[in-house]
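This report goes through the packing and the side-chain contacts of one model. Please keep the sequence and the structure in view while reading.

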Amino acid sequence: TKLNKNQIELVENSSNDGQYFINFSRQVGWKRLDLAIHACIESKQPLVLIGDGPEHQKLLQLSKAHPELITLHSTLPQSELKEYLKNAKAFIFPSEEPFGIAPVEALAAGCPVIALKQGGAMDYIQDDKNGLFFEEQSVDSLAQTLKNFEAKSVNSFLSPQEISATATKFSTENFHRKIRQFIEKVQKTPKEPK
C-alpha cells in the first residue's frame with residue numbers, strides 16, 4: 001500500500017496540541033468506532049468521526065446523549081479533512097486490520113495515532129514517538145490510553161514533521177524507488193542453467 005499525492009500531505013504549522021481526537025473511515029462494524037465513542041465519553045474527551053457507512057446511524061445513536069463530546073460528519077473534501085487533522089490531538093484507530101491506510105494518512109499529515117496493538121499498526125506505529133498503543137480491543141483499555149496520551153506533554157512525541165516522516169516508506173516516491181531496486185537486482189542476478 002502506498003500514499004499518493006492526492007492523499008493527505010503534512011499539515012503545515014501543526015502543533016500536536018489539538019482540541020479533539022479524530023477518526024476518518026468507512027463506518028462499518030469491524031472498525032469498532034463504537035469503542036472510540038464510548039472511550040471518549042468515559043474519559044470526557046471530544047471526538048470527531050468523519051465518514052459514512054452501514055454503522056453511521058448506530059454511531060449517531062451512541063453519540064446522541066453527548067453532543068458536547070462527539071461530533072459526526074459525513075465524508076468531507078480533502079481540504080476540510082486537512083483542517084480537521086490540523087486541530088486534532090491524535091487519530092484513534094481501534095480496529096484490527098492487516099494495514100489501515102487512514103492512520104498512515106494521519107501520520108503523513110503529522111498527526112499522532114492511538115492504535116490497537118495488533119495487525120498492521122504494529123508496522124508503522126512507534127509507541128511513544130508517533131503515537132501510542134492500547135493493549136486490548138476494549139473501552140477500558142482505549143480510555144486508559146487516551147488518559148495516558150493526555151498526561152504526556154506535547155514534547156513527548158516527535159514533531160509533526162518527524163511524525164510525517166515516519167510515513168514516507170509508504171509514499172509513491174519510495175514505492176517507485178523500491179520497484180526500481182528490485183528490477184535492478186533481478187536483472188543483475190545470474191540465471192541458473194536449465
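## A buried salt bridge

E97 and K31 are both buried. The model is a predicted one. The two residues form a salt bridge, with 3.0 Å between the closest N and O atoms. E97 sits in the loop between β4 and α4, and K31 sits in the loop between β1 and α1, so the pair ties together parts that are 66 residues apart in sequence.

## Other salt bridges

How many salt bridges does the count come to? The count is seven. One of them joins K89 and E150, whose closest N and O atoms are 3.1 Å apart. K89 belongs to strand β4 and E150 to helix α6, so this pair ties together parts that are 61 residues apart in sequence. K89 has 10% relative accessibility and counts as buried. E150 has 35% and counts as partly exposed.

Another salt bridge joins the side chains of E55 and K58, at 3.7 Å from N to O. Buried would require a value under 20%. K58 is also partly exposed, at 45% relative accessibility.

## Helix α4

Helix α4 covers residues 101-108. Seven of its eight residues are buried, so the helix is largely enclosed by the rest of the structure. The buried residues are A102, P103, V104, E105, A106, L107 and A108.

After α4 comes G110, which has a positive phi, near 90°.

In soluble globular proteins, nonpolar side chains tend to be buried together. The largest nonpolar core here has 28 residues. Which members touch the most other members? They are I22, F91, V113, Y124 and I125. At least two residues of this core come from each of β1, β2, α3, β4, α4, β5 and α5. Helix α4 gives the most, with five residues.

I125 is in contact with L107, V113, A115, N130, G131, L132 and F133, leaving aside its neighbours within four places in sequence. Among these, V113 is itself one of the core residues that touch the most other members.

## Aromatic pairs

Five aromatic pairs turn up in a search of the whole structure. F21 and F149 form one that is edge-to-face. Their ring centres are 5.6 Å apart, with 65° between the planes. An angle over 60 degrees is what counts as edge-to-face.

F21 lies in strand β1, and F149 lies in helix α6 (residues 139-151), so the pair ties together parts that are 128 residues apart in sequence. Both F21 and F149 are buried. Ring pairs also bring in F157, linking F21, F149 and F157 into a cluster.

## Helix α2 and S63

Which residues of helix α2 (residues 56-63) are buried? They are H56, L59 and S63. These residues cover an arc of only 65° around the axis, which puts them on the same side of α2. What covers them includes α1 (33-42), β2 (47-50) and β3 (70-73).

S63 is part of helix α2. S63 is buried, with a relative accessible area of 5%. Its side chain reaches the backbone oxygen of L60 at 3.0 Å. Not counting residues up to four places away in sequence, S63 touches I70 and L72.

Key: Residues are numbered from 1 along each chain as its sequence is written. This is a predicted model: local features need pLDDT of at least 70, side-chain atom pairs count only at pLDDT 80 or more; totals for chains, interfaces and linings use all residues. Side-chain values use heavy atoms; hydrogens and water are left out. Buried means under 20% relative accessible area, exposed over 50%, partly exposed in between (1.4 Å probe, protein chains only). Helices (H or I, at least four residues) and strands (E, at least two) are DSSP runs, numbered from the N terminus. The arc is that of the directions from the helix axis to the C-beta atoms. Contact means heavy atoms within 4.5 Å. A nonpolar core is a set of buried Ala, Val, Leu, Ile, Met, Phe, Trp, Tyr and Cys residues joined through side-chain atoms within 4.5 Å. Rings of Phe, Tyr and Trp (its six-membered ring) pair if their centres lie within 6.5 Å; planes under 30 degrees apart count as stacked, over 60 as edge-to-face and the rest as tilted. A polar contact is a pair of N or O atoms within 3.5 Å; within protein, one must be able to donate a hydrogen and the other to accept it, and residues adjacent in sequence count only if both atoms are side-chain atoms. A salt bridge is a side-chain nitrogen of Lys or Arg within 4 Å of a carboxyl oxygen of Asp or Glu.
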